[in-house]
Amino acid sequence: MDDVAILLPKEDTVIKLHKFFSEHNIGTQVRIAIDIGVTPLGNRKFKRIDTLDFTNHDLPAILTYHAGKGTEFDNVFIPFADDDMGLERNPFYVAITRASSRVFITYSRKLTSLLKNVSPNDITIQ
């Protein structure tokens with residue numbers, strides 16, 4: 001499958017998934033911000049890592065819902081879409097609208113109630 005993005009709600013989950021793929025020698029593209037501490041003025045300081053290359057459709061991209069804003073991928077995977085994950089409507093909407101072809105939403109307990117108004121004709125459950 002080409003042109004794949006895995007969108008996650010939180011930065012720490014992006015980091016964990018990227019680390020998991022790296023440990024298993026699976027290449028990825030990533031867009032993350034790593035908290036590197038507090039400045040002398042008390043502000044948070046972040047180091048940004050962005051290896052997204054929109055001409056490379058072979059490596060999956062891993063990013064947050066927020067970081068996905070303004071991007072488009074043929075295939076988008078949204079894992080952990082459980083009702084108890086505290087997903088917010090607007091960021092979740094951004095995530096599902098990043099797909100130009102297909103979106104795959106997975107969950108393990110109860111599917112998020114954010115999809116309750118989606119027509120059953122538009123959903124394939126496997």
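Trainee: In which helix do Glu23 and Lys19 both lie, and how many residues apart are they?

Mentor: Both belong to helix α1, which covers residues 11-23. Glu23 and Lys19 are four residues apart there, about one turn of the helix. Please keep in mind that this is a predicted model.

Trainee: What does Glu23 form with Lys19?

Mentor: Glu23 and Lys19 form a salt bridge, and their closest N and O atoms are 4.0 Å apart.

Trainee: Is Glu23 buried or exposed? And what about Lys19?

Mentor: Glu23 counts as exposed because its relative accessible area is 52%. Lys19 is also exposed, with a value of 52%.

Trainee: How many salt bridges does a search of the whole structure find?

Mentor: Such a search finds five salt bridges. One of them pairs Arg44 with Asp35, where the closest N and O atoms are 2.8 Å apart. Arg44 is partly exposed at 47% relative accessible area, and Asp35 is partly exposed at 38%.

Trainee: Which residue forms a salt bridge with Asp84?

Mentor: The partner of Asp84 is Arg109, and the closest N and O atoms of the pair are 3.1 Å apart.

Trainee: Why does Arg109 count as exposed?

Mentor: Arg109 counts as exposed because its relative accessibility is 54%, and the cut-off for that class is over 50%. Asp84 is exposed as well, with 53%.

Trainee: Changing topic: how many helices and strands does the chain have?

Mentor: The chain has two helices and six strands. Along the sequence they follow the pattern β-α-β-β-β-β-α-β.

Trainee: What does the C-alpha trace span along its principal axes?

Mentor: The trace spans about 55 × 35 × 30 Å along those axes. As for burial, 30% of the 126 residues in the chain are buried.

Trainee: Which residues have the most contacts inside the largest nonpolar core?

Mentor: Those residues are Leu7, Leu63, Tyr65 and Phe92, in a core of 15 residues. Two or more residues of this core come from each of β1 (4-8), β4 (61-64), β5 and α2 (89-96).

Trainee: Which element gives the most to this core?

Mentor: Strand β5 gives the most, with three residues. As background, nonpolar side chains in soluble globular proteins tend to be buried together.

Trainee: Where is Ile123 found?

Mentor: Ile123 is found in the segment after β6. With a relative accessible area of 34%, Ile123 is partly exposed.

How values were computed:
Residues are numbered from 1 along each chain as its sequence is written. This is a predicted model: local features need pLDDT of at least 70, side-chain atom pairs count only at pLDDT 80 or more; totals for chains, interfaces and linings use all residues. Side-chain values use heavy atoms; hydrogens and water are left out. A nonpolar core is a set of buried Ala, Val, Leu, Ile, Met, Phe, Trp, Tyr and Cys residues joined through side-chain atoms within 4.5 Å. Buried means under 20% relative accessible area, exposed over 50%, partly exposed in between (1.4 Å probe, protein chains only). A salt bridge is a side-chain nitrogen of Lys or Arg within 4 Å of a carboxyl oxygen of Asp or Glu.
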